Amino acid sequence: MSVDIVMVGFGTVGQGVAEAIGRKGAILQSSFGEKMRLVGVFDSSSYELNAKGIDPREVLARKEKLGKVGARLDGSTVPELLADFDYDVMVEVTPTNIKDGQPGLSHMMCALTAGIDVVTANKGPLALNFKELAQAAEKHGARIRFEASVGAATPIINVAHELLVAEKIHSIRAIVNGTCNFILNRMADEGLPFDQALREAQELGYAEKDPSYDVDGIDSAAKAAILANAIFGRECTFGDVRRVGIRGVSQEAVALAAEEKKVIRLVAEVSPSRLEVAPRLVPTGHPLAIGGTLNVFQIITDLAGEVTLAGKGAGRLETASAVLSDLAALMRENCVAKGRELK
Amino acid sequence: MHADLRLKDVPGQLVRALEPISTFGGNINGVVHHHEKVIGGRISVNVTFEVKGQKQLEGMLQAWKERDVDVAKLSSLFETYEFEYVLAGDISPQELRGITEGIEAVHDLDSVELRYSVSPSTGDKAVLVYGKVKQKAALDRVDDLLRQRAMDAGYLLIGGLGE
């Protein structure tokens with residue numbers, strides 16, 4: 001018995017997932033009685049499909065040595081190549097596209113409409129087409145899991161769905177972009193102007209050359225839209241999020257906040273009535289005043305009160321950890337459905 | 001809230017009368033000491049103060065009783081809700097006036113203060129807007145007003161976390 005996985009996307013996250021499968025596959029097999037097998041890998045220009053299984057270490061070595069994973073795509077699309085291929089789970093980890101969600105959206109729809117489960121870290125399709133994806137999954141008896149799309153290694157979605165299932169969640173306030181947090185923290189700690197703190201973040205590899213995705217709140221807004229759909233059942237998209245970035249945060253504003261024993265943080269707030277990403281004044285010592293590049297989620301519930309989760313919100317193995325937890329959850333459900341004993 | 005306290009006319013009584021306010025987390029806004037107004041051997045002191053809630057007020061009343069401080073009058077307790085914003089960007093004096101007048105016109109406003117700051121080195125401007133309202137719904141009115149003004153004038157509005 002095996003769970004056969006096709007991985008679409010083999011950049012930083014995809015390679016991390018392959019490594020994690022190689023490292024943890026045996027543990028999952030002993031727990032759930034099924035072998036986790038990689039049977040397909042796609043990168044942007046090449047692919048390998050092998051029903052007998054692909055060794056994760058071999059495909060990682062090939063990617064490093066040759067810059068590709070297998071045969072050239074030569075104009076063929078992922079849905080075309082998977083049309084007659086037998087597999088159980090698509091791991092969709094292509095880069096986020098917040099304009100139209102492609103190509104990830106087509107990949108996920110092709111899997112779900114064929115009754116194939118999807119595990120993804122790709123925010124774009126979820127932030128833009130959550131309802132369509134959920135409906136496709138339901139209609140075709142497939143499952144879609146996306147823990148890695150928000151907070152990476154910080155398990156906000158699964159905690160909300162599975163561990164806080166008896167709670168009424170009033171709201172979630174969160175720091176979901178480590179780059180912005182790093183910049184705002186440097187401005188407060190060192191008195192740096194925004195441009196200099198941004199340059200530092202770019203030199204350290206936290207921010208891209210074009211930082212707008214982070215500093216204009218686009219990344220945070222995509223995550224807020226996913227949380228609104230997944231946890232609050234709101235039918236909204238990225239465009240519904242009221243969004244203000246951190247470009248206008250000045251040294252003087254940071255200093256004025258500090259005089260009031262506050263720091264400025266880019267906070268995503270999601271509730272049944274609020275959907276917003278904006279810089280906010282946070283009291284020092286508050287869980288959201290966290291420093292560095294960590295992500296933090298403050299969940300406000302009726303019975304448990306405030307529950308706070310913090311962890312790494314990005315990174316190769318950190319994101320892979322969340323993907324692997326979703327794969328494990330699917331295997332656990334399979335195990336229960338088939339009446340096998342969980343170990 | 002306001003309290004009319006009656007103290008024995010001997011040295012040290014004023015401090016003994018005011019101590020319970022800070023002990024129970026209150027904030028004294030004003031004290032008027034009427035030396036000339038002696039009633040039954042006691043002098044009158046009017047105190048204006050803020051208190052966190054009913055429980056803390058009851059603690060103060062008990063402490064005054066234990067210290068032999070009579071409470072002649074006590075205004076009713078009403079709850080206030082704080083708002084706090086930092087504005088960053090090019091904010092003109094006219095805009096500051098507009099913000100102040102706009103907030104002062106909000107129904108159920110208790111108080112509002114603005115603090116303006118300009119960096120001598122960069123010329124960056126920032127304004128702290130702090131205040132209190134007597135009804136929770138008034139927080140939304142202040143928020144709507146500031147959001148609209150920030151959007152129209154093109155400066156950054158940084159709000160507090162609220163509750």
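Student: In which loop of chain A is Lys261(A) found?

Tutor: Look between helix 11 (251–259) and strand 10 (262–270) of chain A; that loop holds Lys261(A). Keep in mind as we go that this is a predicted model.

Student: What is the phi of Lys261(A)?

Tutor: Phi is about 60°, a positive value, although Lys261(A) is not a glycine.

Student: And is Lys261(A) buried or exposed?

Tutor: Here you count neighbours: with 12 or fewer other C-beta atoms within 10 Å, a residue is called exposed. Lys261(A) has 11 of them, so it is exposed.

Student: Which residue of chain B has a positive phi without being a glycine?

Tutor: Asp108(B) does, with phi near 75°. Its place is the loop between helix 3 and strand 6 (109–118) of chain B.

Student: Let's turn to peptide bonds. Which two residues of chain A does a cis peptide bond join?

Tutor: Omega is the angle to read. Between Gln102(A) and Pro103(A) omega is about 5°, and the bond is cis. As for location, Pro103(A) sits in the loop between strand 5 (89–92) and helix 4 (104–113) of chain A.

Student: Now the whole chains. How many helices and strands are there in chain A?

Tutor: Chain A has 12 helices and 13 strands.

Student: In what order do the elements of chain B run?

Tutor: Start at the N terminus and you read β-α-β-β-α-β-β-α-β-β-α-β. That comes to four helices and eight strands.

Student: Is chain B compact or spread out?

Tutor: The rule gives 15 Å for 163 residues, while the radius of gyration of chain B is 21 Å, well over that, so chain B is more spread out than a compact globule. Its C-alpha atoms fill a box of roughly 60 × 35 × 25 Å along the principal axes. In chain B, 25% of the 163 residues count as buried. For contacts with a separation of 6 or more, residues 24 or more positions apart account for 67% in chain B.

Student: How do I read a helix pair, say helix 1 (residues 12–32) and helix 2 (residues 56–66) of chain A?

Tutor: Begin with angle and distance: these two pack at about 150°, with their axes 9 Å apart. An angle over 145 degrees counts as roughly antiparallel, so that is how helix 1 of chain A lies relative to helix 2 of chain A. The crossing of the two is left-handed.

Student: Which residues meet there?

Tutor: From helix 1 of chain A, they are Gln15(A), Ala18(A), Glu19(A), Ile21(A) and Gly22(A); from helix 2 of chain A, they are Pro56(A), Arg57(A), Val59(A), Leu60(A) and Lys63(A). By class, this contact has five nonpolar, two polar and three charged residues.

Student: At what angle do helix 3 (residues 93–104) and helix 4 (residues 136–153) of chain B pack?

Tutor: The angle is about 160°, and the axes are 10 Å apart. So helix 3 of chain B is roughly antiparallel to helix 4 of chain B. The crossing here is right-handed. Helix 3 of chain B brings Glu95(B), Gly98(B), Ile99(B), Gly102(B) and Ile103(B), and helix 4 of chain B brings Val142(B), Leu145(B), Arg149(B) and Ala153(B). Sorted by class, the contact has five nonpolar, two polar and two charged residues.

Student: Last one: how many residues of chain B are in contact with chain A?

Tutor: 16 residues of chain B are in contact with 14 residues of chain A. On the chain B side, the elements giving two or more residues are strand 5 (81–88), strand 7 (125–133) and strand 8 (156–160). Strand 8 of chain B gives the most, with four residues. By class, that side of chain B has seven nonpolar, six polar and three charged residues.

Note on methods
Residues are numbered from 1 along each chain as its sequence is written. Chains are lettered from A and ligands numbered from 1 in the order in which they are written. This is a predicted model: local features need pLDDT of at least 70, side-chain atom pairs count only at pLDDT 80 or more; totals for chains, interfaces and linings use all residues. Axes are lines fitted to C-alpha atoms, for helices over the stretch in contact, and angles run from 0 to 180 degrees between N-to-C directions. Angles under 35 degrees count as roughly parallel, over 145 as roughly antiparallel, 65 to 115 as roughly perpendicular and the rest as oblique. A crossing is left-handed if the near helix is turned anticlockwise from the far one by less than a right angle, and right-handed if clockwise. Two residues are in contact if their C-beta atoms, placed from the backbone, lie within 7 Å. Ala, Val, Leu, Ile, Met, Phe, Trp, Tyr, Cys and Pro count as nonpolar, Asp, Glu, Lys and Arg as charged, and the others, Gly among them, as polar. A residue is buried if 20 or more other C-beta atoms lie within 10 Å of its own, exposed if 12 or fewer, and partly exposed in between; C-beta atoms are placed from the backbone. The radius of gyration is taken over C-alpha atoms; the globule rule is 2.2 Å times the number of residues to the power 0.38.
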